[in-house]
Amino acid sequence: MLEVDGIHTYYGQSHILFEVSLSLEKGEIVGLLGRNGAGKTTTMKSICGMLHPRKGRLVFEGEEVTGEKPYQLVRRGICYVPDDRRVFADLTVDDNLDIVYRRTGEWSRDRVYEVFPPLKEIPGRRAGFLSGGEKAMLAVGRALMSGPKLLLLDEPTEGLAPLIVRSLEEQILRLKDAGISILLSEQNLKSSLALIDRAYIIDNGRICYRGTVKELENNEEIRKMHLML
Ligand SMILES: Nc1ncnc2c1ncn2[C@@H]1O[C@H](COP(=O)(O)OP(=O)(O)OP(=O)(O)O)[C@@H](O)[C@H]1O
Ligand SMILES: [Mg+2]
């Protein structure tokens, strides 16, 4: 479904990503793991068109999409949910969902509320007054409204209480059942174990490991080196 082939991304003069390659099949949840500053967000922004790699290619559903703008990629079904869970603070939950561009009629507010029941209880609340967990659900819910085929979830559970994390994880797994592919970034392996099928580890802008969750669990050296016990 997605193939990232040897991309190099820069911020101005700073070379951040070096020859990053990864791929994702339909219906997979793949982890992009790495420490603070490793290059996870930069990779996701390079995939969704917010940053343009200077070298390398992006292929989505068999078509080259290198250089396309975010709105073009959203129309193809690629949707990025940033780590700061940007929602419109002054708008209600309902309005935050309604305002989204919709690629297909597949997703409605009611369907989002089925995936995230807590939101159903507070449709009229302004997003600025939501809890961290509710905001995280709304941010993913907004992405769903656009009818994504591929979701890029940037540290979706960061900073949330353990109980909330578990329920968000269950909800994310339901998206997989709905046929959506997910690239999920996390700082440590542990917090993504419940969700991912396999993982890439990125360090200093380079992919330094790829493997299944089982392989990672058995590879103590790699886990220790990247502080992902
Ligand atoms: N706007 C920017 N301008 C210049 N350098 C940046 C910018 N954003 C990030 N960087 C640098 O790029 C590198 C990769 O950052 P990135 O945000 O992709 O890491 P990350 O893996 O997402 O980290 P975190 O876990 O903290 O979110 C870091 O060295 C960071 O300092
Ligand atoms: Mg980041």
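Which residues surround ligand 1, and which of these are the closest? In the predicted model, the ligand is surrounded by 13 residues, with Tyr11, Gly37, Lys40, Thr41 and Thr42 the closest. Two elements, β2 (14-24) and α1 (40-48), each give two or more residues to this shell. Helix α1 provides the largest share, namely three residues. By residue class, the shell around ligand 1 comprises eight polar, three nonpolar and two charged residues.

The protein as a whole contains nine helices and 10 strands. Its radius of gyration is 17 Å, close to the 17 Å given by the globule rule for 229 residues, and the protein is therefore as compact as a globular protein of that length. Along the principal axes, the C-alpha atoms fill a box of roughly 45 × 35 × 30 Å. Of the 229 residues, 39% are buried. Among contacts with a separation of 6 or more, 68% are between residues 24 or more positions apart.

Strand β8 (residues 181-186) is largely enclosed by the rest of the structure, because six of its six residues are buried. Ser181, Leu183 and Ser185 point one way from the strand, whereas Ile182, Leu184 and Glu186 point the other way; all are buried. Strand β8 runs parallel to β3 (residues 29-33), to which it is joined by five bridges, and Gly31 has Leu184 of β8 as its bridge partner. Five bridges also join β8 to β7 (residues 150-154), again in parallel, with Asp154 standing opposite Ser185. Together with helix α7 (residues 162-177), strands β7 and β8 make a right-handed β-α-β unit.

Methods. Residues numbered from 1 in each chain as written. Chains lettered and ligands numbered in written order. Predicted model: local features only at pLDDT ≥ 70, side-chain atom pairs only at ≥ 80, totals over all residues. Near = placed C-beta within 6 Å. Helix = DSSP H or I, 4+ residues; strand = E, 2+ residues; numbered from the N terminus. Nonpolar A, V, L, I, M, F, W, Y, C, P; charged D, E, K, R; others polar. Rg over C-alpha atoms; globule rule 2.2 N^0.38 Å. Buried ≥ 20, exposed ≤ 12 C-beta atoms within 10 Å, placed from the backbone. Contact = placed C-beta atoms within 7 Å. Pairing = 2+ DSSP bridges. Right-handed = clockwise from strand over helix to strand, strands pointing away.
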